[in-house]
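Subject: Structure handover

Hello,

Here is the structure I promised to pass on. Please open it first, then read the notes below.

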Amino acid sequence: MIIQFICRAILLGVPLLYGSTGEIVTEKSGHLNLGIPGIMYVGAISGVVGSFLYENSCGNDIANMNPALAVLIPLLCAIVGATLMGLIYSFLTVTLHANQNVTGLALTTLGIGLGNFLGASLINITKSELPSIALTKTSSFFSAKLPFADDLGWFGELFLSHDFLTYLAIIIAIIASFVLNRTRVGLNLRSVGENPATADAAGINVTKYRYVATCIGSAIAGLGGLQYVMAYASGVWSNNAFGDRGWMAIALVIFALWKPSVAIMGSFLFGALCNANNYIQGLGTETQELFKMLPYVVTIVVLIITSMRKKREHQPPASLGLSYFREER
Amino acid sequence: MTKQPAIELKNITKVFGKVVANKNVNLTAYRGEILSILGENGSGKTTLMNMISGIYFPDEGQIFIDQNEAVITSPKDAFTYKIGMIHQHFKLVDVFSAAENIVLGIEDGKYNLKASQDEIKKISEQYGFELDPEKKIYTMSVSEKQTVEIIKVLYRGADILILDEPTAVLTPQETEKLFSILRRMRDDGKCIIIITHKLHEVLSLSDRVSVLRKGEYVGTVNTSETSESELTEMMVGKKIDLNIERNKPHDTADRLIVNNITCVDRMGATVLDNVSFTAKSGEILGIAGIAGSGQRELLESIAGLQHLSEGEIFYLNPKTDKKENLRDKTPMQIRNLGVRLSFVPEDRLGMGLVGNMDIVDNMMLRSYSKGHSVFLKRKKPKDLAMKIIHDLEVVTPSASTPVRRLSGGNVQKVLVGREIAASPTVLMVAYPVRGLDINSSYMIYNLLNEQKEKGVAVIFVGEDLDVLLELCDRIMVIGSGKVTGIVDGRTATKEEIGLLMTKSEKDGEENAND
């Protein structure tokens, strides 16, 4: 029961981990990308469209599908879709100096609208009775477990039974953490987010760093959307089922104090909190809704604690949300 | 041994729009020497140096480095010519350590912070810096930050160093330390160019002085063969009297009594700690201290703009002879008692004037409550504006020009003029000559002296210790929000004040116990 609860928490947490790792990379460059919910949504629907087309081209027999292609096509589609959203954001905020908050919120609206439009279109094509698309075959490739996981009892279930995107999420978070803190690129990126004028004077290309960080961050976040559809929802897409996971990912960034390594455990905690209501007996529907607030409550508590401790390292990047005009230096 | 020219400028001209910032400037700096570039604000010193360091590109003329023509189009190009500039405003990332800031942007080689730290320690030892490479910038003092900036350019291998007003933020002791480091670098064969407008520094540090006036090159003299008055004449173009008239205060009476005030800022830090002093009518009380030691909070407390956690401020009203506690009064009531604050913050406009409004409207900011109808009456403020423009020689196209378009010095004149026009009984001024040329500075000093003669209690927060010592009757020194000493302006020395400025809290207690 406890093992099952933890596994469920991890499954729920992984999209948040992708989203917040992506957002941390973006925010370290000084971009407050509030378009993350939209970007994750676009990542999800792009993956769905990709795998839908591939499944259809293979006919009805699962044996016709190449496992590598079945995984790679949606993966690539999700990355491309999300990166394009990141490009739009970067172009508007870096090149055109648009307000970051407004751009981000607009991108969220755009992403969700686009996702719902494409989702509804696919449902139309399949002429399905239910308002959803099932990509169970593709999903089975995504949620394939390690073959020997079942033989190892609780250990296998806890550590080895997850889909590969879960492991990828953790690996990406660790790599992001390493790059940010231990490499020259990371140092340069952080300096761009902290003080772009200083970075510029030191010969760092602020525009390039902001573009690249935002696009990579978006691509990572997009994978979160894909993981949600393919692993958590077993390949079933229905409009708006993604819910407020994008906002929760942004809350997780604050919770993790802009550290991807902290975000790993944080995402599992958030997953557990989201799921706790299902494991407590005798809750009415209205109390269940109260329980769903827990991740946000925890984030607020973390905000209060960090603002009381006043440690500069725990603050967001100093230039977060500010456009950089070279002429004003 | 003849000295090698490290850098030569030939007929450099730079124009911004219609303003000629530099016109036909010729300059040579040799290896193994310290060259001072002297000039008033707006004389084009910084523009000239920015062209050497790649921030601007000259419109005309050539730059030669080691006798070869050099084209410097970006700060990166400047690095390749081994030119390093230390800007007046530091370019550092606060949450990074010293070492991280120093290696930022260097692209060659492996990223190895440990090795860099060793290299930094080596440079520090070579020239006598004291720096912990792992210390975070936001925990550093201004002088430490400057050290980081200097090591940053040395780390990149610079052998031509340009320092823009390096002593503006340092105490006399820190300045002396910096100078000895610069001399050591000179002896090491580096070429050092220092931009300044402080004459005594020029004389004590540099080997040669080049003077600029209004963008034009006036000439270069050997420091050993010149004098303060000759340099001033070169700088200003005419002889001026550098002595401030200081009469003995007469008919003094206590005007403002500050008793043990303590003030805590929003972050929970104590910015004023148990401050007590008395300001007397008919005298100028100077306040000296490192920037950000609580000067601003002190003035704001008196003006009623700060919340005091402890202590009282009494005002002895000369009209009624009554003792009034300013702590229970609103800023408006305090102002109406005749306590006036003229604070010139670093951005000059922040407090006191509204940049987008013209001079007349800015006059009305202080008199809006005098009107009795819903419509504005501009007659009186306009007269006042014209009077200030005329009396203080404010350079402006008209009284209806937005204040933000005026130059820094003229903005200050408008601000100080407006406060003086209200015939105050207590006049508080902070940095009133910041950014002003010598002439305007002396005009402001004379205005303050006039107020003192009229029996006003003047509180003057200043940066330049020489001026404080020449102008003030008494000087109060504050360090980290505490009063570290009150000295007589006529007998105190600069070193004495410098020591008081840096006295740490612990020292303060020890001395108090003695």
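A word of caution to begin with: this is a predicted model. My notes go chain by chain, then to the place where the chains touch.

**Chain A**

Chain A has 14 helices and 2 strands. Its radius of gyration is 20 Å, and the globule rule gives 20 Å for 329 residues, so chain A is as compact as a globular protein of that length. Along the principal axes, its C-alpha atoms fill a box of roughly 60 × 45 × 40 Å. Of its 329 residues, 47% count as buried. Now look at contacts in chain A with a separation of 6 or more: 80% of them link residues 24 or more positions apart.

**Chain B**

Chain B comes to 17 helices and 20 strands. The radius of gyration of chain B is 25 Å, close to the 24 Å from the globule rule for 514 residues, so this chain too is as compact as a globular protein of its length. Its C-alpha trace spans about 75 × 55 × 45 Å along the principal axes. Buried residues make up 43% of the 514 in chain B. Among its contacts with a separation of 6 or more, 68% are between residues 24 or more positions apart.

How is chain B divided into domains? The domain assignment gives domain 1 (5–236) and domain 2 (254–513). Their centres, taken over C-alpha atoms, are separated by 33 Å. The two domains do touch: 9 residues of domain 1 of chain B are in contact with 15 residues of domain 2 of chain B. On the domain 1 side, the touching residues are 3 nonpolar, 5 polar and 1 charged.

**Helix 5 of chain B**

Next, find helix 5 (residues 142–155) of chain B. It has 14 residues, and at 1.5 Å a residue these should span 20 Å. The end C-alpha atoms are 20 Å apart, which agrees.

Which residues of this helix are buried? They are Gln146(B), Thr147(B), Val148(B), Glu149(B), Ile150(B), Ile151(B), Lys152(B), Val153(B) and Leu154(B). What do the buried residues of helix 5 pack against? Their partners in chain B are strand 6 (83–86), helix 3 (98–103), helix 4 (113–127) and strand 7 (160–164). Just after helix 5, Gly157(B) takes a positive phi of about 85 degrees.

**Strand 11 of chain B**

Strand 11 (residues 254–264) of chain B pairs with strand 12 (residues 270–280) of chain B. The sense is antiparallel, and there are 7 bridges.

**Where the chains meet**

How many residues of each chain are in contact with the other? The count is 17 residues of chain A and 14 residues of chain B. On the chain A side, helix 8 (184–194) and helix 9 (196–201) of chain A are the elements that give two or more residues. Helix 8 of chain A gives the most, with 5 residues. By class, the chain A side divides into 6 nonpolar, 6 polar and 5 charged residues.

Best wishes

How values were computed:
Residues are numbered from 1 along each chain as its sequence is written. Chains are lettered from A and ligands numbered from 1 in the order in which they are written. This is a predicted model: local features need pLDDT of at least 70, side-chain atom pairs count only at pLDDT 80 or more; totals for chains, interfaces and linings use all residues. Two strands pair if DSSP finds at least two bridges between them. Helices (H or I, at least four residues) and strands (E, at least two) are DSSP runs, numbered from the N terminus. The radius of gyration is taken over C-alpha atoms; the globule rule is 2.2 Å times the number of residues to the power 0.38. A residue is buried if 20 or more other C-beta atoms lie within 10 Å of its own, exposed if 12 or fewer, and partly exposed in between; C-beta atoms are placed from the backbone. Two residues are in contact if their C-beta atoms, placed from the backbone, lie within 7 Å. Ala, Val, Leu, Ile, Met, Phe, Trp, Tyr, Cys and Pro count as nonpolar, Asp, Glu, Lys and Arg as charged, and the others, Gly among them, as polar. The expected span of a helix is 1.5 Å times one less than its number of residues. Domain bounds come from an automatic or database domain assignment.
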